[in-house]
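Let's take a walk through this model together, one region at a time.

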Amino acid sequence: MNRRVRRKTLQAKGNVTEAVTKGPVNEVEAVVCLAKEEREVDWSSLPDDTVVALFSLLNYRDRASLASVCRTWRFLGSLSCLWTSLDIRAHNLDSTTASSLAKRCSKLRSIRFRGASAGNVVINLEAKELREMNADGCRDLTDASLSMLAARHQRLESLQLGPDFCEKITSDAIRVVALCCPRLKRLRLSGLRDVDGVAIGALVEHCRDLSELGFFDCMNVDETALGNAASLRFLSVAGSRNIKWTAASQLWVSLPNLVALDVSRTDVTPDAAFRLLFSESLKVLCALNCGSLDAGVFLAYNSKTKVLLARFTDIVKGIATLSQDSHSAPNLSGMKRINHYNNTSNNNSKISNVRNSRIGDNKSSEVKEWLEWVLSHALLRIAESSTPGLDSFWLKQGTPILLNLLGSLQEDVQERAATALATFVVIDDETATVDPARAEAVMHGGGIGFLLDLAKSRREGVQSEAAKAIANLSVNADVAKAVAMEGGISILAALARSPNRWVAEEAAGGLWNLSVGEEHKGAIAEAGGIRALVDLVFKWPSGGEGVLQERAAGALANLAADDKCSMEVAMAGGVHALVMLARFNKHEGVQEQAARALANLAAHGDSNGNNAAVGQEVGALEALVHLTGSHHEGVRQEAAGALWNLSFDDRNREAIAEAGGVEALVTLAQNCGNASQGLQERAAGALWGLSVSEANSIAIGQGGGVSPLIALARSDVEDVHETAAGALWNLAFNAGNAWRIVEEGGVPALVHLCSSSGSKMARFMAALALAYMFDGRMDEAGMQCDSAPKTGSLEAARRMAMRHIEAFVQTFSDQQCLSVAATSWAPAALAQVAEAARIHEAGHLRCSGAEVGRFVVMLRNGSTVLKSCAAFALLQFTMPGGRHAMHHASLLHKAVAGRVLRAAAAAATAPLQAKVFARIVLRNLEHYPAEAM
């Protein structure tokens, strides 16, 4: 370690000397700087107690990393006094790792873990001094495992399993816990099927100091046996069913030490509740969301020494008056943070009143801690159940209580309060919809600041739940702005780099929701969020049910929609990361977001090189083509959208075809008749993009692509029939495809679009497709085609097409303006006609030399309708300001089209529209002279 420091010192010394030699640096400053650099920094010389104090400020993960610096720190970092508590919920430990940790855990007092497999590993820690065990996700934990845990940790004083249901735990395991852990003071179990009298009796007999018992959401609990638990001070049966309340109230009222009772979410009767409230020792009865209790029954109840906490009572006021005997109320929050919003509502005054109170004695402190715990648990369960009719409760009471609980000194209370805030604002999880009133209540109550403070905590469990709440609240645009204003973006970007998967996952979710707002994208990039999101994909490319990868890809997809951010995504390695997800990740949500991100990266055209970069990435096009066959509609839609955008690049277009894209997209179009509008639009759009190539156009026609495109052209949705019209326009350039369109009944569909669509672009492209079909080339090809339509039906279709093409062009032609322009050829008159005829969206269309040449040939066609249509089309393609106007002007110059245009403008027999439009095209070409091309 010292050698490394010396090297850096010598290098710095050389830099300073060089600076002194080169420039007029103040000599005193140079000497001082040199002296500072010459001093060796020997970290190993720090006093041991100082190093231990520094270690104690770190979480155990950073502590372990820092201990690898040198032997001395490794020894100090392994001291058992630093390992009194451990949270391994985010880790999948094996027995080998547990054995290595065992050397440090001789004085371990508290542990938190997740899942039955982790419970089996905890046994190998050999933490005989363990006092507190807290586990969640224990649905698969069996009697045998729990019994072994109890047998190995006989000094346990607190055991908590939940809030997930422990469905495989029975009363037999409870009896073993009672026998093995006689020092047990607190037992909280969730979701047991049956808690019989024998098990409760064993706890009463062997655990003489048992003061708190909680059976949450259990199917059956023996209320008679609980009546014998004389040592209990706190009892909760929240959510439990099949309790005989008459017998329970008669027995429990006699418990001599019972101070607080939680019957929330049960069917407790009003008579039983009244009887319990008249217990001599009972101070508080928590009965939140009990359907059989209502305000009318308890109007006459009034007590200054007992408190009923229910939906219809003022909970905050009740808590504030709970411990008047101790001359103060229990404090629901140790948070000392000021409100970030100057809101003077009644709810905020309630928060302030409770926060400013203080604890009078130890017993009140115990009541406070228990109340915090049961309230956080009850409110989370109520939020998860999405019980209707609670809007008023959440706005007036639930929100202020949860905000206070964020400041609890109990870590699990903070976590549950943050989780409840994340849950109760969500209306529909599938559509990511939040209740605006609830979200704004949290914001105006100062909740954003509280949550961001927790997100900066060194406790990873709290970080994770705080980030989750911030993420869900940020779905609301106003809350998202508040999060950004309070520095939340940089906090989330930092959390996204966390080595804890769950923290990074929730932070990615927050960045995903914030990145929806255009105003936040630049801030996310500046905070290093893009690099952090890309690194997440490389760090955890799979596993965890795909949630982390989906959120990271979703955030990158939103960011990639911005031109500047899309370049940063590419520079950070995002293209490779997203293609990797599209190729190898099997979760449909991940595939959908990865494909959407690639689509957005490729959507910026010539403004950056991302389109080509995606196409050149190994396996990208093959993966997207493969995803068009997914069973998940969202995956198919985004994959088709990505291929549509990528097909604007010439090399990509051909590579997509080589990867089987034509066949895949034709199949997709054939099967999307009943699909969403988004999928229909993208399927047609992808075929439109590929059909720019004549070889692909022919392949699409021969592969059965004409019929589904005609069907999509009949859609009432503008976006769908517009893209279908574009594809049919490209296909109709080929005479064989033109025959197929006629055979499949495409002429009536195109005629309908040409005359009735609300989209000018759809009408324009339908008219061009009809013009291609009936400019004579299809007739030449039909002479060699045995399956050509009958002459009579073809002629009828031709007349119908010509009539509607003519009507379409006339809708953009004012006869008076045309006459004035044809008379004077004045620039102002021509400009007026051009502006009236212009379709601005047509400026984004790019035609090939063959297509432009075909319109030039149409100007010589004997049909006056086709002449007008061709001149109208060339006007659109060459209007100054159009994206590809210069390209089209260059093609016209190369084709020496000026002579044809002048002839059309001067022809005595040409229609007025054709003459004026041709003159306008000539005027447009003057903006792009051939010499400058």
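Start in the loop between β11 and β12, which is where Asn289 sits. Helices and strands here are DSSP runs numbered from the N terminus, a helix being H or I over at least four residues and a strand being E over at least two. The phi angle of Asn289 is near 60°, a positive value in a residue other than glycine. Asn289 is also buried, with a relative accessible area of 16%. Buried stands for under 20% relative accessible area, exposed for over 50%, and partly exposed for what lies in between, using a 1.4 Å probe and protein chains only.

A word on ground rules: this is a predicted model, so local features need pLDDT of at least 70 and side-chain atom pairs count only at pLDDT 80 or more, while totals for chains, interfaces and linings use all residues. Residues are numbered from 1 along each chain as its sequence is written, and side-chain values use heavy atoms, with hydrogens and water left out.

Lys304 belongs to the loop between β11 (284-286) and β12 as well. Is Lys304 buried or exposed? Lys304 is exposed, at a relative accessible area of 68%. Lys304 and Lys283 are 21 residues apart in sequence, and their C-alpha atoms are 9.8 Å apart in space.

Now look at Arg265, in the loop between β10 (260-262) and α13 (270-277). Arg265 has a phi near 60°, a positive value in a residue other than glycine. With a relative accessible area of 18%, Arg265 is buried.

Next, the sheet. Two strands count as paired if DSSP finds at least two bridges between them.

Zoom in on two of the pairings. Strand β2 (residues 110-114) pairs with β3 in the parallel sense over five bridges, and Ser110 stands opposite Glu132 in β3. Strand β3 (residues 132-136) is mostly covered, with four of its five residues buried. Further along, four bridges join β4 (residues 158-161) to β5 (residues 186-190), and these strands run parallel. Ser158 stands opposite Arg186 in β5, and Leu161 stands opposite Leu189 in β5. Because four of the five residues of β5 are buried, β5 is largely enclosed by the rest of the structure.

β4 and β5 also lead you to a cavity. How many cavities of 30 Å³ or more does a search of the whole structure find? The search finds one. A cavity is a set of points, on a 1 Å grid over the protein atoms alone, where a 1.4 Å probe fits but cannot get out; lining residues have an atom within 4 Å of a point. The largest cavity holds about 40 Å³ of space, where grid points are joined across faces, edges and corners and the volume is the space filled by probe spheres set on the points. Its lining includes Gln160, Leu161, Arg188, Phe216, Trp373 and Arg416. β4, β5 and α16 (362-385) each supply at least two residues of that lining, and the largest share, three residues, comes from β5. Gly162 and Pro163 are in the lining too, and a cis peptide bond joins them, with omega at about 10°. Pro163 lies in the loop between β4 and α9 (171-180).

Finally, the nonpolar cores, each a set of buried Ala, Val, Leu, Ile, Met, Phe, Trp, Tyr and Cys residues joined through side-chain atoms within 4.5 Å. Of the 226 residues in the largest one, Trp729, Phe764, Met773, Phe774 and Phe855 touch the most other members. A second, separate core has 84 residues, including Val122, Leu156, Leu277 and Ala287.

Notes. On a 1 Å grid over the protein atoms alone, a cavity is a set of points where a 1.4 Å probe fits but cannot get out, and a pocket is an open set with protein on both sides within 12 Å along at least five of seven lines; lining residues have an atom within 4 Å of a point.
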